[in-house]
Amino acid sequence: MSGPSLSLAGLARGSTAGEDVTMQSLQDTYAPDNRCFGCGPSNEKGLRGKSFVQGDELIAAWRPEPHHLAFDGILNGGICGALLDCHSNWTAAWHLMKTAGAETPPCTVTADFHVVLKRPTPMDALLQLKAHVVESKED
C-alpha cells in the first residue's frame, strides 16, 4: 500500500536520554482497522497520520503528496487541520488511557477545534507535529 511517507529520524534526534520513541504508531497498535481520513491505517485514500509516544509527548512526521496541494508549492489548509485534529485527539486519548491505567485508549472525538494558520505550509517540507496535554480535568 502506498501512502504519505513517514520519518521520525529528525524528531527522534530531539529526544533526551531515557525517552524512547515507540516504533509502532498508536493508530497501528490500537486502531488498525480505523478508516478515519486523517489517521486511519485502513483508509487507502486517507492521510494515514501516525502518532508515536516520546516521553510525555506524541510526535508525528508527515510528507505531503502532489494531490494535497492548494496552490503551486502550498499545502491545502484543510489537510493541515485534519493532521492537527487527529494528532491532538490521539494525544488526548493516550493521556486518558495512561491516567485511567487502561490497556486501550477510550474512544474520543473532537468537540471544539480552532486553528490559526499563520503562513502557507510548503509542499516540499516534512511536517513535524508534537503535542502534549496542557490541562486535563474531570467531565
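Modeller: The account below begins with the sheet as a whole and then turns to one of its strands and the neighbouring elements. The model is a predicted one. Three strands make up an open sheet, ordered S1-S2-S5, and their pairing is antiparallel. From one strand to the next, the twist averages 30 degrees. Helix H3 packs on this sheet and touches S1, S2 and S5; the direction of H3 makes about 155 degrees with that of S2.

The pairing of S5 can be followed residue by residue. Strand S2, which covers residues 57–62, is joined to S5 over five bridges in the antiparallel sense. Within this pairing, Trp-62 lies opposite Leu-127 of S5, and Ala-60 has Leu-129 as its bridge partner in S5.

In a regular strand, side chains alternate between the two faces of the sheet.

The loop that runs between helix H3 (77–100) and strand S5 (127–131) contains Phe-113. Because its relative accessible area is 38%, Phe-113 counts as partly exposed. Together with Leu-84, Val-115 and Leu-117, Phe-113 forms a nonpolar patch on the surface; the accessible area of these residues together is about 310 Å².

Methods. Residues are numbered from 1 along each chain as its sequence is written. This is a predicted model: local features need pLDDT of at least 70, side-chain atom pairs count only at pLDDT 80 or more; totals for chains, interfaces and linings use all residues. Side-chain values use heavy atoms; hydrogens and water are left out. Patches are made of residues with over 30% relative accessible area and no salt bridge: like charges are joined within 9 Å, nonpolar side chains (Val, Leu, Ile, Met, Phe, Trp, Tyr) within 5 Å. Accessible areas come from the Shrake-Rupley method with a 1.4 Å probe; for residues, only the protein chains shown count as cover. A salt bridge is a side-chain nitrogen of Lys or Arg within 4 Å of a carboxyl oxygen of Asp or Glu. Helices (H or I, at least four residues) and strands (E, at least two) are DSSP runs, numbered from the N terminus. Buried means under 20% relative accessible area, exposed over 50%, partly exposed in between (1.4 Å probe, protein chains only). Two strands pair if DSSP finds at least two bridges between them. Axes are lines fitted to C-alpha atoms, for helices over the stretch in contact, and angles run from 0 to 180 degrees between N-to-C directions. Contact means heavy atoms within 4.5 Å.
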